[in-house]
Amino acid sequence: MTLHPEIIQISTEDNIGIIVNPLGLADGTDIGEGIVLKERIPMGHKVALKKIIPNDPIIRYGHTISYAEKIIEKGEWVNENNTSLPPSPPLESLATNVSNSREKVSLTDYTFEGFKNEDGSVGTKNILAISTSVQCVAGFTEHVVKKIKEELLPKYENVDDVVGLSHSYGCGVAINAPAAIIPIRTIQNIARNPNFGNECMVLGLGCEKLRPERIASSSNDDVFYMQDNAYQGFGEMMDGAMKIAEKHLSKINARKRETCPASALVVGMQCGGSDAFSGITANPVAGYAADLIVKAGGSVMFSEVTEVRDAIELLVNRAANSDVAKALIHEMQWYDDYLEQGHADRSANTTPGNKKGGLSNIVEKALGSVVKSGTTTIVGVVPPGEKLTEKGLNFAATPAGDFVCGTLQLAAGMNMHLFMTGRGTPYGLSSVPVIKISSNTTLSNRWHDLIDFDAGRMISERKSLEELGWELFHLILDVASGKKTVASDKLKLYNDLVLFNPGPLT
């Protein structure tokens with residue numbers, strides 16, 4: 001990466017540079033090497049470093065991100081209005097006869113203070129989770145959670161919170177349709193997240209298609225039915241739910257933080273509100289930290305199918321073996337087919353905010369997105385709603401929508417979340433700590449009480465990737481230990497879970 005006073009050129013092959021100045025650069029600005037801007041260009045946007053003729057590639061990160069649709073003179077603004085999207089990389093021609101050795105554990109002295117579970121998993125929070133079997137009971141669940149927090153939670157000092165896991169599924173659905181397995185196993189596996197200590201209770205209605213017993217972690221004692229004839233009126237229903245909650249609270253209150261190896265970390269990586277700096281600062285820093293977690297024996301998952309699809313060749317080449325390579329390709333093809341059924345394509349991913357932040361199209365976005373996975377071998381692929389089973393770096397197949405992705409990563413078993421943003425978003429999950437990472441210092445300064453880590457210091461303070469990567473790694477350990485609290489937890493700024501449901505409604 002070459003850093004000039006006003007622009008960044010990622011690769012020597014790139015024929016565009018990224019404007020660094022927070023206020024953008026004015027028409028007539030001389031940025032060196034004989035390049036004078038022919039128009040004002042905003043921060044994060046691309047300037048042509050040489051004359052580009054029609055149909056020539058626009059190159060960033062050393063890769064073609066688009067093609068020129070007309071002559072673009074040196075010093076002109078390069079954006080979606082004068083470029084076209086390249087074709088999607090074909091999946092059928094990708095070689096799958098790959099073999100990469102897994103990283104050996106080399107960081108053995110790093111620990112955090114977590115909550116150990118009987119199944120060997122470790123929580124970074126100690127939460128009473130209350131799942132639901134159907135949307136019908138969402139309002140009742142909200143009342144129960146509020147009452148528990150007010151009347152019971154103060155008695156259990158080791159319990160961090162009570163969380164209601166409401167969702168829009170459960171009835172009015174084709175419960176036996178093939179695609180129904182995705183939301184069902186998502187709900188089941190969220191209830192078994194390490195931060196819940198295998199003590200999730202379930203609130204059901206009684207007549208729903210998704211039977212509450214399919215969600216319960218142990219026995220029917222976990223399940224409460226509003227339609228149970230034993231309850232006369234709302235008050236008795238509340239009392240019944242409170243009695244079940246108190247049993248669970250007594251159990252999880254016995255959990256205390258213990259020293260755990262960093263290998264117990266399961267970290268989800270995600271982007272949201274990305275800009276042109278996301279692939280230069282925030283995602284590479286997160287990727288460096290991801291490498292450290294893997295080297296410590298821990299697990300990392302990156303996701304968002306449409307935001308890696310255009311860089312799939314780079315990922316297949318990092319697969320541990322042909323089975324992993326084929327699984328990656330399978331998930332890409334499944335999503336291609338899913339989009340086609342909805343008469344959409346991958347170009348629909350890039351948002352107005354992405355474009356305002358300098359990302360012209362999904363190819364540019366994908367090349368910057370994949371770097372948050374770091375450099376280690378991809379050892380597993382997790383289908384939507386499934387649990388992660390392989391230690392190391394995994395691809396968890398999810399849509400790119402922030403809360404759908406976060407919900408599926410929660411189901412996969414993450415106990416820590418990293419969320420990179422360049423435009424800014426109030427994203428937060430109540431079930432896991434979310435470390436919010438800004439790609440530029442301008443955002444970090446403006447959102448000083450919403451951002452936890454400023455990766456933009458790679459540019460604003462000339463910090464090295466290694467320095468910031470290690471700093472983020474230590475922050476992850478401190479947050480996992482409860483020694484530091486992330487902004488979303490301080491503010492109690494949380495969003496609802498959102499299920500991915502590709503199945504039909506009835």
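Modeller: In this predicted model, a residue counts as buried under 20% relative accessible area, as exposed over 50%, and as partly exposed in between.

Colleague: Is Lys387 buried, exposed or partly exposed?

Modeller: Lys387 is found in the loop that links β18 (378-382) to β19 (393-396). The relative accessible area of Lys387 is 31%. Values between 20% and 50% belong to the middle class, and therefore Lys387 is partly exposed.

Colleague: Which residues is Lys387 in contact with, leaving aside its neighbours within four places in sequence?

Modeller: A contact requires heavy atoms within 4.5 Å. By that criterion, and with neighbours within four places in sequence left aside, the partners of Lys387 are Asn189, Arg192, Val382, Ala411, Ala412 and Gly413.

Colleague: What distance separates the C-alpha atoms of Lys387 and Gln227?

Modeller: Along the chain, Lys387 and Gln227 are 160 residues apart.

Colleague: Is Ser431 buried or exposed?

Modeller: Ser431 lies in the loop between β20 (416-421) and β21 (434-438). Not counting residues up to four places away in sequence, Ser431 touches Lys125, Ile127, Val163, Leu165, Asn195, Phe196 and Leu410. Its relative accessible area is 2%, and the limit is 20%. Ser431 is therefore buried.

Colleague: Which residues touch the most other members of the largest nonpolar core?

Modeller: The largest nonpolar core holds 85 residues. Leu418, not counting residues up to four places away in sequence, touches Val267, Gly268, Met269, Gln270, Ala286, Ile435, Ile437, Leu472 and Ile476. Apart from this core lies another, of 37 residues, among them Leu165, Ile184, Cys200 and Met414. Within the largest core, the residues touching the most other members are Leu418, Ile435 and Leu472.

Colleague: What radius of gyration does the chain have, against that of a compact globule?

Modeller: The chain contains 13 helices and 22 strands, and its C-alpha trace spans about 80 × 45 × 45 Å along the principal axes. For 506 residues, a compact globule would have a radius of gyration near 23 Å. The value for the chain agrees with this, at 24 Å.

Colleague: What share of contacts between residues at least 6 apart in sequence joins residues at least 24 apart?

Modeller: Buried residues make up 58% of the 506 residues. Of the contacts between residues at least 6 apart in sequence, the share joining residues at least 24 apart is 70%.

Colleague: How far apart lie the centres of the positive and negative side chains?

Modeller: The chain carries 48 positive and 60 negative side chains. The distance between the centres of the two sets is 2 Å.

Conventions:
Residues are numbered from 1 along each chain as its sequence is written. Side-chain values use heavy atoms; hydrogens and water are left out. Helices (H or I, at least four residues) and strands (E, at least two) are DSSP runs, numbered from the N terminus. The radius of gyration is taken over C-alpha atoms; the globule rule is 2.2 Å times the number of residues to the power 0.38. Buried means under 20% relative accessible area, exposed over 50%, partly exposed in between (1.4 Å probe, protein chains only). Lys and Arg count as positive and Asp and Glu as negative; His and the chain ends are not counted. The place of a charge is taken as NZ of Lys, CZ of Arg, CG of Asp or CD of Glu. A nonpolar core is a set of buried Ala, Val, Leu, Ile, Met, Phe, Trp, Tyr and Cys residues joined through side-chain atoms within 4.5 Å.
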